[in-house]
Amino acid sequence: MKESEKRRRSGVRWTTHLGLAVMCLGLVVAGHATLIVLPPGEAEMVRFLPDVAKGAFGGAESPALTVWLSGIETLAGEAMWAKRVGMLFVGALVLYLTFLLGVELCGSLPGLPAVYVLLLVALSPMVYMQSLLAHPEMLVMAGLMGALWLFLRERHPWGAVAALGAGLSVAAGAWVGLALGGWLCREGRWRRGLPYVAAGLGAGVYWWMKREAPGMLGLSSSAFEAGRLLYFLLVGHGHWIAVAGMVVAWREGVLDRRRWRVALLVAAGFVLIQLFPGRGVVERGLMPVTPLLFTAGVAGLFVLRPGAKWVWYGALAGLLTAGHFVNPFFWPFAYENNLTFASDARLRVRAAKWLEENAAGKGVATAGPLAVALKEPKWGYVQKPMRVLGLPEFDMAALEAAREASPDVFVMYSHEWDPPANLLRRRVFAWAAGRFLGMREPLDPGLLESKLGMQRKAFLREGRLWAEVYMR
């Protein structure tokens with residue numbers, strides 16, 4: 001009796017944990033095997049990878065990410081593939097914690113819904129792509145999920161450590177420790193709660209000292225950004241089905257338990273901080289709470305009749321799968337949100353190799369990640385640095401800048417998703433998009449020939465993406 005009670009309190013056996021961890025790692029590595037050699041994107045080259053040389057607290061964009069990448073460099077060298085593999089370990093950890101937390105949150109439901117939550121998170125286009133990229137959101141997701149699971153398992157010292165990891169990944173992660181610690185203090189468990197509060201406050205102090213004013217958005221722009229982020233979290237890629245399932249779970253009383261109230265408090269606070277006016281967060285900024293959204297959604301779906309349950313679950317899984325390959329038809333989209341990043345990276349590599357072979361020693365004008373990649377051979381695009389005029393965008397201002405600098409080569413390419421039916425380019429929205437979002441009239445490639453005296457020498461295509469090279 002005592003032995004069985006001991007096993008019940010300790011949860012599943014360590015061999016089961018090991019098997020689950022190995023399965024998650026195998027699933028993530030096998031799913032990304034052909035993408036490990038992808039070169040870095042713009043955010044990696046400009047913001048996160050250079051921080052490795054500065055150190056975690058030398059003004060790093062994300063101290064936790066910098067520590068992780070520094071450890072990878074110490075073990076495997078500076079190769080980009082090693083950092084990709086290192087990030088895949090974080091992705092596997094997220095899947096592992098997703099299952100464990102799903103078991104804790106949905107323990108009263110039959111049918112082991114945590115398995116289906118794990119599959120949904122693995123199918124998520126953004127989680128899939130971000131598992132490969134050196135961005136801090138996967139780390140804060142692991143910290144958030146780990147802290148919440150350890151909190152529910154009453155393993156509070158380790159939970160505070162996980163909360164500190166979340167807090168040192170992104171600024172909003174400091175909320176994790178404050179929320180969990182505040183909950184325990186409200187219950188009168190001050191001794192258990194203070195380590196969480198200390199972790200949250202310590203991370204918050206770091207971000208407060210590092211705060212930077214430039215680049216803040218106005219209120220009008222922030223309102224649009226908040227709408228865009230909420231659409232991506234609650235509607236896009238079939239997430240609306242998970243939201244509907246969460247509503248069902250709430251109406252059926254499934255969420256009316258302490259463990260769910262804690263989880264929803266952590267998730268809601270994190271989302272509100274990321275949506276705070278002026279922060280200018282990209283879509284991946286809300287990604288850390290998607291496992292909780294899926295878990296709540298699946299909890300609601302498992303309350304439905306078996307037929308309806310499997311129809312809606314299959315629809316959500318199908319829409320998530322389609323999201324890897326289908327981009328929005330009516331608004332812009334960041335390539336890093338799905339497999340389009342891979343096509344974009346391959347296109348940049350092809351363009352860089354063409355320039356090395358046909359325009360060595362010439363001045364090149366271009367924008368986006370290609371402008372950064374051509375300057376530094378360490379990013380793996382070129383063997384020798386090229387003279388580059390970096391342009392903010394491919395708009396009419398870029399034409400004037402190129403006319404003044406008189407470069408030998410102009411490379412124009414689809415560095416961001418701008419579909420033909422983009423609503424923000426329509427007359428009814430164009431003024432607001434230009435006034436509040438900074439969108440400008442796109443550059444007409446024909447003007448490069450008439451205004452700069454250049455001719456198109458190459459046209460490269462990678463899937464739906466393209467690049468044009470103009471030379472004098």
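Helix α8 gives the most to the lining of the largest cavity, with three residues. The model is predicted: local features need pLDDT of at least 70, side-chain atom pairs count only at pLDDT 80 or more, and totals for chains, interfaces and linings use all residues. Residues are numbered from 1 along each chain as its sequence is written, and side-chain values use heavy atoms, with hydrogens and water left out.

**Cavities**

A cavity is a set of points, on a 1 Å grid over the protein atoms alone, where a 1.4 Å probe fits but cannot get out; lining residues have an atom within 4 Å of a point. Grid points are joined across faces, edges and corners, and a volume is the space filled by probe spheres set on the points. The count is two cavities of 30 Å³ or more. The largest cavity has a volume of about 80 Å³. Its lining consists of S124, P125, M126, V127, F232, L233, H237, H239, E283, L286, M287 and T290. Two elements give two or more residues to this lining: α8 (125–130) and α13 (219–234). Helices here are DSSP runs (H or I, at least four residues), as are strands (E, at least two), numbered from the N terminus. By class, the lining of the largest cavity has seven nonpolar, four polar and one charged residues. Nonpolar covers Ala, Val, Leu, Ile, Met, Phe, Trp, Tyr, Cys and Pro; charged covers Asp, Glu, Lys and Arg; the others, Gly among them, are polar.

**Salt bridges**

E283 is one of the residues lining the largest cavity, and the side chains of E283 and R228 also meet in a salt bridge. A salt bridge is a side-chain nitrogen of Lys or Arg within 4 Å of a carboxyl oxygen of Asp or Glu. E283 sits in the loop between α15 (258–274) and α16 (290–301), and R228 in helix α13, so the pair ties together parts that are 55 residues apart in sequence. The whole structure holds 17 salt bridges. Three of them are tabulated below.

| Salt bridge | N to O distance |
|---|---|
| E104 and R153 | 3.1 Å |
| E283 and R228 | 3.1 Å |
| R387 and D408 | 3.9 Å |

R387 lies in strand β2 (residues 387–391) and D408 in the loop between α20 (396–405) and β3 (409–413), so this pair ties together parts 21 residues apart in sequence.

How accessible are these side chains? Buried means under 20% relative accessible area, exposed over 50%, and partly exposed in between (1.4 Å probe, protein chains only). E104 is buried at 19%, and R153 is partly exposed at 23%. E283 is buried at 9%, while R228 is partly exposed at 21%. R387 is exposed at 53%, and D408 is partly exposed at 28%. Salt bridges that share partners also join E154, E187, R189 and R258 into one network.

**The second largest pocket**

A pocket is an open set of points with protein on both sides within 12 Å along at least five of seven lines. The second largest pocket holds about 490 Å³ of space. It is lined by 21 residues, of which L93, L97, L139, A142 and G143 lie nearest its centre. Elements α2 (14–31), α5 (63–76), α6, α9 and α10 each give two or more residues to this lining. By class, the lining of this pocket has 17 nonpolar, four polar and no charged residues.
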